[in-house]
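The entries follow in the order in which I checked them.

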Amino acid sequence: MKRTQILLLTALIGCGASAQTKREVPLYLDPQATVEQRVEDALRHMTTHEKVELLHAQSKFTSAGVPRLGIRQLNMDDGPHGVREELEWNAWSAARWTNDSCVAFPSLTCLAATWNRERAQDYGNAISEEFAYRGKDLLLGPGANIQRTPMNGRAFEYLGEDPRLAAEMVVPYIEGVQANGVGCCMKHFALNNQETDRFTVDVNVSERAMREIYLPAFEAAVKRAGVWSIMGSYNLWLGVHCSHNDSLLNGILKREWGFDGALVSDWDAAVDDWQSATGGLDLEMGTSRNGTLTGNRFTYADYHLARPFERMIREGRLPMSLLDEKARRVLRTIFRTAMNPQKTTGKMCSEDHYRTCREIGEEGIVLLRNERCAAKGRKREMPLLPLTAERLSALALGGGRPRLLIVGENATRSLTKGGGSSELKTRRDVSPLEGLKTVYEDLADIVYAQGYESGQAIYDKVDVVGLERQTKLRQEALEKAKDADLLIFIGGMNKNHRQDCENGDRETYDLSFGQNELIAELARIQPRLIVVTFGGNPYAMPWLEQTAALLHCWYLGSEAGTALANIVSGRMCPSGKLPVTFARRYEDYPYVQYGAAAYPGVDRQVYYKEDIFVGYRHFDTRGVRPLFPFGYGLSYTTFRYGEPSLKTLDDDRWEVCLDVTNTGQREGRETVQLYVGREAGEKSLVERPRKELKDFVKVNLQPGETQRVTLHLSADDLAFWDVESHGWKVERGAYRLYVASSSEDVRGSLVLKRN
Ligand code: BGC
């Protein structure tokens with residue numbers, strides 16, 4: 001039997017007699033063959049033109065297969081929080097299908113706030129089932145750009161400010177997705193850390209900051225999760241757009257890290273024929289040339305990786321091996337996904353998807369403040385949350401049913417709408433107001449007041465609401481507050497342009513739409529005020545001391561109301577921790593002192609002058625006190641950390657072990673964090689952060705229960721990026737290992753000597 005063929009014997013039955021014929025199936029169609037065998041065999045069957053056809057879009061969200069050979073096209077879709085609704089073949093407008101509503105999962109910032117790798121795996125599994133059911137092969141996500149600035153309009157699609165946390169969460173997400181035969185197209189590679197000027201800004205960053213801060217999550221995705229495709233970003237690095245940047249893509253991603261999948265351009269990120277051909281791009285998507293090729297006249301053959309590229313190959317200006325290499329990478333992606341015999345059929349909007357959505361939301365909500373309040377019939381003051389039935393009735397100081405006033409637009413607003421490409425059309429969403437009503441309707445009189453208005457979610461426009469309307473809404477809320485025993489304010493950010501939305505950054509570190517004034521005035525009337533905020537970014541809280549409790553929810557997706565109500569009522573114990581530092585003042589962020597050159601850039605050049613001191617690396621090392629530190633989050637129970645001990649496994653690997661005990665009255669989860677820094681007084685060749693996150697473990701503990709927790713450390717975790725040798729370097733000497741409940745709350749430490 002020829003290696004490139006298998007023979008299938010098919011029994012034909014006819015007229016009472018049976019005969020056997022031979023049907024030849026080429027190897028590339030053989031589900032038993034390996035992906036590499038299939039790829040090489042497919043290449044052998046293809047013409048030059050067919051290979052080129054693989055390398056560019058044939059619609060807004062698909063790229064061609066090889067119809068003549070039965071090789072399927074790639075169906076792609078955003079990403080990263082659910083499967084986006086169907087758009088028109090050739091236009092950005094909605095196709096208005098009736099079968100494309102999905103579950104909106106929580107934002108990736110929320111996932112990061114769970115600090116739970118299993119949740120990331122569950123997320124990947126559930127979301128990819130929805131993609132598969134909708135016939136999609138590539139999920140445009142997850143995003144893992146570092147949250148360098150709280151102004152970044154897309155931070156909600158990413159995994160926080162720390163490269164280790166982002167890496168640890170992105171790997172299981174990708175594994176969960178790809179196990180179902182759906183590929184991830186991880187984005188946006190690289191340095192896409194702001195939306196202002198995202199198409200044109202050239203990022204100037206030190207080699208060390210790039211390697212230590214901005215690349216590790218991508219590197220982990222390639223080396224540990226084996227991600228199948230990566231999306232190049234719009235912005236420039238070293239003067240070249242990242243979607244066809246030779247040093248970044250051929251140099252680092254492919255040669256150095258061994259990435260074997262397809263590099264997909266962001267939509268309309270490829271701008272040049274030669275660079276598209278030679279700069280490491282494999283699949284060009286979304287190109288539109290100054291709007292001249294739109295609508296019916298859109299000719300995909302004019303893409304850089306279409307006719308122009310084919311011409312360069314045919315004229316011998318570029319070698320055939322270059323074309324083969326690109327085609328090989330796209331074919332690999334097709335055989336891994338669209339033509340993967342193991343690809344799941346998937347399902348949409350199943351109860352277990354809603355459960356996954358809710359559980360991730362519950363674990364990602366962060367309790368930031370929970371003050372003690374007086375209550376009827378109680379000697380001692382008690383924390384306001386959880387708001388159990390008993391606690392609620394004790395708050396009715398005037399007797400009778402307690403009156404609960406809920407204020408704020410986000411109590412009812414759909415936060416799955418807006419935001420840009422991650423917008424979702426959902427089948428059913430539970431709003432916070434609905435969720436809270438379900439729990440408290442029988443226990444309290446619930447009144448709602450909108451309080452403020454933010455206008456429409458419009459991709460690139462701001463819809464300003466008139467002062468008169470805002471004043472009226474505020475007065476209504478304040479009036480109602482006078483009769484309330486308890487207030488829950490539900491606001492924060494939303495998915496409007498210049499809030500948490502693609503293609504524009506926030507305008508201010510404060511909450512918008514008059515929320516600061518409204519919250520302060522509400523608190524003056526009724527200090528029993530629980531503030532609940534949604535949003536992908538930190539923000540200023542001038543009213544914080546006036547409030548009794550504060551929960552930050554990121555975006556919670558379809559089950560927002562249920563997840564929130566379960567935390568507020570105490571059905572679930574909060575266990576989320578911040579994946580990003582909340583500064584007291586905007587000026588405290590590390591880059592701000594360097595002016596506009598450091599953000600958002602001057603003349604399309606931005607300089608990351610704070611270097612590696614991003615997020616807590618700055619606050620912690622420089623002694624700038626944040627409002628809420630990285631890794632911080634309260635619980636309804638308490639945990640005691642035992643003495644940590646160090647175990648040496650071999651020359652390069654250690655374990656830190658300790659007992660953690662739940663010392664409170666109820667079941668709860670704690671994330672134990674391991675940070676590492678140079679021991680005080682140790683010399684170092686470079687300035688290093690006081691400490692950096694290297695590992696974490698989340699444990700679930702019953703009241704009184706103790707569990708032994710093990711954290712892992714390797715020599716690689718001690719390294720810094722050495723610009724002299726262009727490699728990682730581990731210095732000898734003493735390191736301090738910190739076991740901590742947040743980056744500021746160190747519960748124990750040890751010294752490790754490295755010889
Ligand atoms: C975004 C990508 C997105 C793509 C397709 C681009 O504008 O930057 O994240 O996947 O559009 O919608």
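Are Tyr539 and Trp543 buried or exposed? I found that Tyr539 is buried and that Trp543 is buried as well, where buried means under 20% relative accessible area, exposed over 50%, and partly exposed in between, with a 1.4 Å probe and protein chains only.

I noted that this is a predicted model, in which local features need pLDDT of at least 70 and side-chain atom pairs count only at pLDDT 80 or more, while totals for chains, interfaces and linings use all residues. Residues are numbered from 1 along each chain as its sequence is written, and side-chain values use heavy atoms, with hydrogens and water left out.

**Entry on the rings**

I looked up the aromatic pairs (rings of Phe, Tyr and Trp, the last by its six-membered ring, with centres within 6.5 Å; planes under 30 degrees apart count as stacked, over 60 as edge-to-face and the rest as tilted), and the structure holds 27 of them. Tyr539 and Trp543 form a tilted pair, with 6.4 Å centre to centre and 35 degrees between the planes. Tyr539 also pairs with Phe582, edge-to-face, at 5.9 Å centre to centre and 70 degrees between the planes. Tyr539 lies in the loop between strand 18 (529–534) and strand 19 (549–552), and Phe582 in the loop between helix 17 (560–569) and strand 20 (605–607), so this pair ties together parts that are 43 residues apart in sequence. Here helices (H or I, at least four residues) and strands (E, at least two) are DSSP runs, numbered from the N terminus. Phe582 is buried, as is Tyr539.

I also noted that ring pairs link Tyr509, Tyr586, Tyr589, Tyr591, Tyr599 and Phe619 into a cluster.

I then followed an open sheet of 6 strands, in the order 3-4-5-6-8-11 and with mixed pairing; two strands pair if DSSP finds at least two bridges between them. Strand 3 (62–63) and strand 11 stand at the edges, each with a single partner strand, so one side of each is left without a neighbour in the sheet.

What covers my interest next is strand 8 (residues 229–232), where Ser229 and Met231 on one side and Ile230 and Gly232 on the other are all buried. Strand 8 pairs in the parallel sense with strand 6 (residues 183–189) over 3 bridges, and 4 bridges join strand 8 to strand 11 (residues 262–265), also parallel. Gly232 stands opposite Phe189, and its bridge partner in strand 11 is Ser265.
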